[in-house]
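Welcome! The report below then walks through it, one part at a time.

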Amino acid sequence: MRQTAVAAWFPNVAGQNRKAGEGVADAPHRAPHLPVVAGSHVPARSAATLADSPSLPFILLPAPPPSPQLVCPPDLADGGVALGRVQALMVRPSLRDAPRAVPSVDAIAGLGLGGDAHADPLSPRQVLLAGAPAYARHGLPAHALRENLLLDIDTAALLSGSLLRVGPQAVLRLTFACEACGYLDKRQPGVAAAIGRARGMLARVACGGTIGAGDPVVLLPARLPAWDDDWRARVAAVLARVPQGMVIEYRQLARLAGVQPVYCRAFPRLVRKLGLGHVAVPMAGQPEKPRWHGNGLFDAPAP
């Protein structure tokens, strides 16, 4: 079994963080299958600088085994705690388009929202949830956060790995906080630093269904493995899932880890630090080896 160096911050069952050296012996048993990081729109030099950070602690963890596909049983949406409601829904037919308000949208299991440019079966960033309190707190204009679902709750309180039932059938698996990026400062200088995790929460569609404005949002009792907000930990975890004898190209690694392609410039240095330079390659690198595209990466154990 391959071992990989993963940044030693592990969310525990309460959703809080534990530093390296605090209970390291049992950390592998709590380590998420896919530690995750927010992908953001940052300058290339910022991504490269992040990979050079010397202060991150690392420990060796075994690569997690593949897990069965999450199946949505009839009773998955039963129970739970009411959190709030959907205030508005937006989709972007293409990344060049501004968010467009719609009265309802089809959430497609494993893909994303119908008609939205972020629908991608191999992305942890299928849906963005933002909270109305963040808009009120920072005086933002409508759609400034480019969310798909605007909720009447503070999304900064949501935890990765949680399952939300939205409407009668759709279930969203929360992945990681969407990092506040320079785009926000163009709309309102200084807001990116001030808004923090209230920027929004990203998710994948676990169970399909129609979502409409006014639909209730319910926190389900089941939990799935959490993702980490540190992009380096997420990249390391994806690399750990690459099957023996295969390689993954940088652009596909960025897609699976949920970071922008600009981060590819930081990958060579990072993968060398992780001791996995033989697993991640640039386009056309090691042409004799088969490519891994992420099959099974987002499968999750049934709750």
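What share of the contacts in the protein with a separation of 6 or more comes from residues 24 or more positions apart? The share is 74%. Please keep in mind that you are looking at a predicted model.

## The protein as a whole

The protein has 303 residues, and 52% of them are buried. Its secondary structure comprises 8 helices and 15 strands.

Let us go inside. The largest nonpolar core is made of 32 residues, and Leu 239, Ile 248 and Phe 267 have the most contacts inside it. Three helices, α6 (231–240), α7 (250–257) and α8 (267–274), each give at least two residues to this core. Another core, of 24 residues, lies apart from it, and includes Val 102, Ala 177, Ala 203 and Ile 211.

In soluble globular proteins, nonpolar side chains tend to be buried together.

The loop between β13 (216–223) and α6 holds Ala 226. Is Ala 226 buried or exposed? With a relative accessible area of 14%, Ala 226 falls under the 20% cut-off, so this residue counts as buried. Along the sequence, Ala 226 is 51 residues from Thr 175, yet their C-alpha atoms are 6.8 Å apart in space.

Start with α6 and α8. Their axes are 11 Å apart, and the two helices pack at an angle of about 65°, which means that α6 is roughly perpendicular to α8. The crossing of α6 past α8 is right-handed. On the α6 side, Trp 231, Arg 232, Val 235, Ala 236 and Leu 239 make the contact, while α8 contributes Phe 267, Leu 270, Val 271 and Leu 274.

Now look at α6 and α7. The axes of these helices cross at roughly 115° and come within 9 Å, and α6 is therefore roughly perpendicular to α7. Here, too, α6 passes in a right-handed crossing. From α6, the residues in contact are Arg 234, Val 235, Val 238 and Leu 239; from α7, they are Leu 253, Leu 256 and Ala 257.

## Inside α8: Leu 270

Leu 270 sits in helix α8 and is buried, with a relative accessible area of 1%. Its C-alpha atom is 8.9 Å from that of Ala 236, a residue 34 positions away in sequence. Leu 270 and Ala 236 are also among the residues that make the contact between α8 and α6.

## An enclosed helix, α7

Why is α7 described as largely enclosed by the rest of the structure? The reason is that 6 of its 8 residues are buried. Those buried residues are Tyr 250, Gln 252, Leu 253, Ala 254, Leu 256 and Ala 257. Their cover includes α6, β14 (248–249), α8 and β15 (280–281).

Just past the end of α7 comes Gly 258, with a positive phi of about 80°.

## The segment after β15

Most residues other than glycine have a negative phi. Ala 284 is in the segment after β15 and has a positive phi of about 75°, although it is not a glycine. Its relative accessible area is 58%, so Ala 284 is exposed. Gln 286 belongs to the segment after β15 as well, and its phi is positive too, at about 45°. Gln 286 is partly exposed, with a relative accessible area of 25%.

Further along, His 293 is also in the segment after β15. This residue is partly exposed, with a relative accessible area of 45%. Which residues does His 293 touch, not counting those up to four places away in sequence? They are Leu 122, Gln 252 and Leu 256. For His 293 and Gln 252, which are 41 residues apart along the chain, the C-alpha atoms are separated by 6.6 Å. Both Gln 252 and Leu 256 are buried residues of α7, which brings us back to the enclosed helix.

Terms used
Residues numbered from 1 in each chain as written. Predicted model: local features only at pLDDT ≥ 70, side-chain atom pairs only at ≥ 80, totals over all residues. Heavy atoms only, no water. Helix = DSSP H or I, 4+ residues; strand = E, 2+ residues; numbered from the N terminus. Buried < 20%, exposed > 50% of the residue type's maximum accessible area, 1.4 Å probe, protein only. Contact = heavy atoms within 4.5 Å. Core = buried A, V, L, I, M, F, W, Y, C linked by side-chain atoms within 4.5 Å. Axes fitted to C-alpha atoms, helices over the stretch in contact; angles between N-to-C directions. Parallel < 35°, antiparallel > 145°, perpendicular 65-115°, else oblique. Left-handed = near helix turned anticlockwise from the far one by under 90°.
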